[in-house]
Amino acid sequence: MKTIVITGGTDGMGAALARHYLREGDRVVVVGRSRAKFEALLASSTADGVAATGRASFIAADLSLVAESERVVEQIRPSHERIDVLVLAASFIRQKRHETAEGHEASWVLFFVSKYILVAGLASLLANSDRPIVVNTSVPGAKAGAIDFDDLESAQRFSFARSNAQQRRANELLGVLVTSNNPALTYLTWGPRRLVRTSLAGDVGRGMKIASVVLGAVAGQRPDDAIAPIIALVADPPAGRAAYRGATQVALVQGPDDTDDARRLEAQTAALVTGR
């Protein structure tokens, strides 16, 4: 029995992965914002004949808050001997800059800082697995120079596209860090090949909501279909770092200063976490 931790595990692809691994007989920890959605996930699994009692647990958390991400780590560590697969799939799209009660930019914390906290905080449990895997659904392919180290939280200049590119590149550099600390770990930066037919969680304009619904209905794939490549990669993972769009491996974006950039990002993120 494997232990699978899934952030964003109550919606879309995260929920589809949770249902799959419960069907496989694994232990699944779901991190999400809605207990009601988790209960609905359990009900749908039970309706499919899956007995998930004792194998499914839920941690309610808003991962756009640093303290919440730290609390998730503190809840998981004492109750598990190891983590075999950590899926980082939490999402809440914001078109505009939003500062949280902690004084940090919400998207930066949700899409990168929370992942840094979880990977670093759960590193010892991942190290206890024979084949530890981190699947980060941040979508590969951002340019090597996408990060503005002088403005990580986009306080001086914010746009949705710039914020998105910076988060994606930071998550690729996170892979540089974690695989150097644990050479046995597989770190997959992954994104779907096609649109996924799912609800759009976020604070976005009417135009984006309509476009998401229309495009999803016309060209989107079901979450259960979209996760098939992830399931295959977890079953037979490549070594080290790798990037995929759907089932297709793509080249890792490599810059001349990746190692230094990764360490710089680590230092600034650690300072954000400890200094909030």
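Predicted model: local features only at pLDDT ≥ 70, side-chain atom pairs only at ≥ 80, totals over all residues.
View A. Lys115 is buried and yet has no salt bridge; a salt bridge would need a carboxyl oxygen within 4 Å of its side-chain nitrogen, whereas the nearest side chain of opposite charge, that of Glu172, is 11 Å away. Leaving aside residues up to four places away in sequence, Lys115 touches Leu88, Leu110, Asn136, Ser138, Asn171 and Leu174.

**View B. The packing of α4 against α10.** The axes of α4 and α10 are 11 Å apart and form an angle of about 100°, so the two helices are roughly perpendicular to each other. On the α4 side, Trp108, Phe112, Val113, Tyr116 and Ile117 take part, and they meet Leu265, Glu266, Thr269, Ala270, Leu272 and Val273 in α10. By residue class, this contact of α4 with α10 comprises nine nonpolar residues, one polar residue and one charged residue.

**View C. The packing of α6 against α10.** Helix α6 (residues 160-181) packs with helix α10 (residues 258-274) at an angle of about 95°, and their axes are 9 Å apart, which means that α6 is roughly perpendicular to α10. From α6, the residues Arg169, Ala170, Leu173, Val176, Leu177, Ser180 and Asn181 meet Asp258, Asp261, Ala262, Arg263, Leu265 and Glu266 of α10. The residues of this contact of α6 with α10 divide into six nonpolar, two polar and five charged.

Note on methods. Residues numbered from 1 in each chain as written. Heavy atoms only, no water. Axes fitted to C-alpha atoms, helices over the stretch in contact; angles between N-to-C directions. Helix = DSSP H or I, 4+ residues; strand = E, 2+ residues; numbered from the N terminus. Parallel < 35°, antiparallel > 145°, perpendicular 65-115°, else oblique. Contact = heavy atoms within 4.5 Å. Nonpolar A, V, L, I, M, F, W, Y, C, P; charged D, E, K, R; others polar. Buried < 20%, exposed > 50% of the residue type's maximum accessible area, 1.4 Å probe, protein only. Lys, Arg positive; Asp, Glu negative; His and termini not counted.
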